[in-house]
Amino acid sequence: MAEYTYEVDKECPLCSKSFTVTKMKSRLIKMKQDTDFCTYYKDINPYYYSIWVCPHCGYAAPDTQFDDISPVAREKLIKFLTGRQVGVNFCGVRTREQAVATYKLAVFYSQLLDAADSRLGGLYLKMAWLYREAGETGHEQLALENAVKHYEQALLRERLPAGNMTETTLGYLVGDLFRRTGNIDQAVAYLNKIVSNQQAKVAERNIYNLARQVWQEIRESKKNAAVGEATEQ
């Protein structure tokens, strides 16, 4: 564990108390990546530690957004937590179950603060990746359905890019998540927009190629299904 992580003291932006967070070292080795950007690393899964949780007040958020609390949001959370007892401590080594619990906490606080759909989509997507690692297909599907619901709303309502997600990247991801959740017609509709976009072919070629790959996989799957049905008749 120490080979891949290190710990630092962090001051909670909500209660101002100090606690320990785990950070990843830059030497992590990537093994492979799924079409929805789930990346597999050698020896350790950094997604276990992407959510920071204050053990004093219970506030939870992604590490990159942990300090991003407006005065209005801070007042709302303090009012909500006043008089409530918090008994969570996710400092140090985490199990997969604990990691999932941190994402659920982050989703709860994000919803409480009416956070952007792109943020909620990202939380549900990484939660789905943890369920995928455990082979918990039912829970993974539910998390993916929530992810694509929020990401589609982000496409419709948010000013993009959101973080490192351009409109092309997010459109592709929505298409792939619809495919993974069995909504093939919606998947094809979104992927067709990318595949037919000549600007994306030049400016965001990696995403364009991914979209074309997934689009082709859907076509092959439909073709094989049609052949199978014809053979049975």
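In this report a residue is called buried when its relative accessible area is under 20%, exposed when that area is over 50%, and partly exposed in between, using a 1.4 Å probe and protein chains only. By that scale serine 16, with 40% relative accessibility, counts as partly exposed. The model is predicted, so local features need pLDDT of at least 70 and side-chain atom pairs count only at pLDDT 80 or more, whereas totals for chains, interfaces and linings use all residues. Residues are numbered from 1 along each chain as its sequence is written, and side-chain values use heavy atoms, with hydrogens and water left out.

**Overall architecture**

The protein chain contains 8 helices and 6 strands, where helices (H or I, at least four residues) and strands (E, at least two) are DSSP runs numbered from the N terminus. Along the sequence these elements follow the pattern β-β-β-β-β-β-α-α-α-α-α-α-α-α. The C-alpha trace spans about 65 × 40 × 40 Å along its principal axes, and buried residues make up 43% of the 233 residues. Of the contacts (heavy atoms within 4.5 Å) with a separation of 6 or more, 58% are between residues 24 or more positions apart.

The domain assignment gives domain 1 (1-70 + 80-158) and domain 2 (162-232); such bounds come from an automatic or database domain assignment. The centres of domain 1 and domain 2, taken over C-alpha atoms, are separated by 27 Å, and 17 residues of domain 1 are in contact with 20 residues of domain 2.

**The nonpolar core**

A nonpolar core is a set of buried Ala, Val, Leu, Ile, Met, Phe, Trp, Tyr and Cys residues joined through side-chain atoms within 4.5 Å. The largest such core has 67 residues, and those with the most contacts inside it are Tyr59, Leu125, Tyr151, Tyr172 and Leu177. Helix α3 (residues 117-134) provides the largest share of this core, 9 residues. Domain 1 and domain 2 both give residues to this core, so it lies between them. In soluble globular proteins, nonpolar side chains tend to be buried together. Tyrosine 59, leaving aside its neighbours within four places in sequence, is in contact with a set of residues including Cys12, Trp52, Phe66, Leu77, Tyr109 and Arg119.

**Cavity and pockets**

Grid points are joined across faces, edges and corners, and a volume is the space filled by probe spheres set on the points. For the classes in the table, Ala, Val, Leu, Ile, Met, Phe, Trp, Tyr, Cys and Pro count as nonpolar, Asp, Glu, Lys and Arg as charged, and the others, Gly among them, as polar.

| Space | Lining by class |
|---|---|
| Largest cavity | 7 nonpolar, 3 polar and 1 charged residues |
| Largest pocket | 20 nonpolar, 12 polar and 6 charged residues |
| Second largest pocket | 5 nonpolar, 3 polar and 2 charged residues |

The search of the whole structure finds 1 cavity of 30 Å³ or more, and the largest cavity holds about 60 Å³ of space. Strand β2 gives the most to its lining, with 4 residues.

The largest pocket has a volume of about 1100 Å³ and is lined by 38 residues, of which Tyr47, Thr64, Lys126, Trp129 and Asn164 lie nearest its centre. Helix α3 supplies the largest share of this lining, 7 residues, and at least three residues come from each of domain 1 and domain 2.

The second largest pocket has a volume of about 240 Å³; helices α4 (137-157), α5 and α6 (184-195) each give two or more residues to its lining, and Leu160 is among the lining residues.

**Backbone features**

Leucine 160 is joined to proline 161 by a cis peptide bond with omega about 10 degrees, and proline 161 is found in the loop between α4 and α5. Serine 16, in the loop between β1 (5-11) and β2, has a positive phi near 70 degrees. Aspartate 43 lies in the loop between β4 and β5 and has a positive phi near 75 degrees; at 57% relative accessibility, aspartate 43 counts as exposed. Most residues other than glycine have a negative phi, and most peptide bonds are trans.

Note on methods
1 Å grid on protein atoms, 1.4 Å probe; cavity = no way out; pocket = protein on both sides within 12 Å on 5 of 7 lines; lining within 4 Å.
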